[in-house]
Amino acid sequence: MDSTAIDRFDTSRFEASRNRLASLAYRLLGSAADAEDAVQDAFLHWQAADRQLIKVPEAWLTKVATNLCLDRLRSAQARRERTAGAWLPEPLLDGDPMLGPADTYEQRETVSLAVLTLMERLSPLERAVYILREAFSYSHAEIAEILDINESASQQHLHRARRHITTARRGAGELDPASARRIVEEFLAAASSGRVERLVAMLTDDATAISDGAGLTKKLLRYDTPERIAAIARAGFTSTPAKQRLAGGVSAVHFALVNGAPAVLFVPGGKVVGAVTFDMAGGKIATVRGIAAPARLVRLTDAWRQHEPDAPLITEW
């Protein structure tokens, strides 16, 4: 086999792992753009390596990609961005290959916006062990090899990560999509018509709302009482000429599933300019996230343009 054929063969071996590596990197970094960069860096490492000495490419690439992601998480820039209070996970439309694997509830949970946010409180190693075990079913022996730790340390990291996430996610569970849509439609109808009392009744007592302020603020905006959330929802879902100018035109408002959670998307002319996601607990809304920073919506917009949406919940916003 000549050198060109070998390069093609080796590139095809990498491409066979690309989606899996991207899914791993997205879970570790919470950003599709950063995940794509990490996968590209892994490809450069693959090209530079003596590939004839690599017996199990999948294992080698997993180790390289994981450690590239850990380097990013530990970098001074990442620490500044994530501790400054302006970080939110990048939302992805359900069906995006970066959300896989998604066969089990545990795998789907690892890409929920709720868990991606909670994982910010874990150490990079705890996060990596949790993802490798829960989402990709690696054994502790394999995780130890990937992270250059011993099996006992892997088990301890997993125990701490599970305890933290399970405690914070108590009361959450999978929601039937039809029920989720009904709740979101009712919330949207109440917000659009200004029925604040109904909005409050749909929220848990400890509900929270978080907004990135369309990327115009240095810190996330947070609201921590049902009454404040209801007031913000009423204002946010009321259309005005100023909002239409900011959005780039009149938007259609669509229901969608984003990272496994119900959401509404604001879409003028095929471009997603805002996403509002909902976490449920006990049949009520526990968390509302408003994401409108353009950089966080690039991949979601690309996926939406290839998507066949249902009829909009609101045709002109």
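Helices (H or I, at least four residues) and strands (E, at least two) are DSSP runs, numbered from the N terminus. The views below show a predicted model.

**View 1. Asp148 sits in the loop between H8 and helix H9 (151–168).** Asp148 is not a glycine, yet has a positive phi of about 60°. Is Asp148 buried or exposed? Asp148 counts as exposed, at 58% relative accessibility.

**View 2. Ser137 lies in the loop between helix H7 (124–134) and helix H8 (140–147).** Its phi is positive too, at about 60°, although Ser137 is not a glycine. The relative accessible area of Ser137 is 53%. That value makes Ser137 exposed, because exposed means over 50%.

**View 3. Gly100 and Pro101 are joined by a cis peptide bond.** Omega is about -10° at this bond. Pro101 belongs to the loop between helix H4 (76–83) and helix H5 (105–109).

**View 4. The largest nonpolar core holds 65 residues.** Which residues touch the most other members? They are Phe14, Tyr26, Met119, Tyr130, Ile131, Leu147 and Leu265. Helix H1 (residues 3–29) supplies the largest share of this core, with 8 residues. A second, separate core has 28 residues, including Val184, Phe187, Leu199 and Val264. In soluble globular proteins, nonpolar side chains tend to be buried together.

**View 5. Leu147 is shown with its contacts.** Neighbours within four places in sequence are left aside. Leu147 then contacts Thr66, Leu70, Leu125, Ala128, Val129 and Leu132.

**View 6. Six strands form an open sheet, in the order E2-E1-E6-E5-E4-E3.** The pairing is mixed. Which strands lie at the edges? Strand E2 (221–223) and strand E3 (252–258) are the edge strands, and each pairs on one side only. Neighbouring strands are turned by 15° against each other on average, direction ignored.

**View 7. Strands E4 (residues 261–267) and E5 (residues 274–281) run antiparallel.** How many bridges join E4 to E5? There are 4 bridges. Val264 has Val276 in E5 as its bridge partner. Val264 is also part of the second core of 28 residues.

Terms used
Residues are numbered from 1 along each chain as its sequence is written. This is a predicted model: local features need pLDDT of at least 70, side-chain atom pairs count only at pLDDT 80 or more; totals for chains, interfaces and linings use all residues. Side-chain values use heavy atoms; hydrogens and water are left out. Buried means under 20% relative accessible area, exposed over 50%, partly exposed in between (1.4 Å probe, protein chains only). A nonpolar core is a set of buried Ala, Val, Leu, Ile, Met, Phe, Trp, Tyr and Cys residues joined through side-chain atoms within 4.5 Å. Contact means heavy atoms within 4.5 Å. Two strands pair if DSSP finds at least two bridges between them. Axes are lines fitted to C-alpha atoms, for helices over the stretch in contact, and angles run from 0 to 180 degrees between N-to-C directions.
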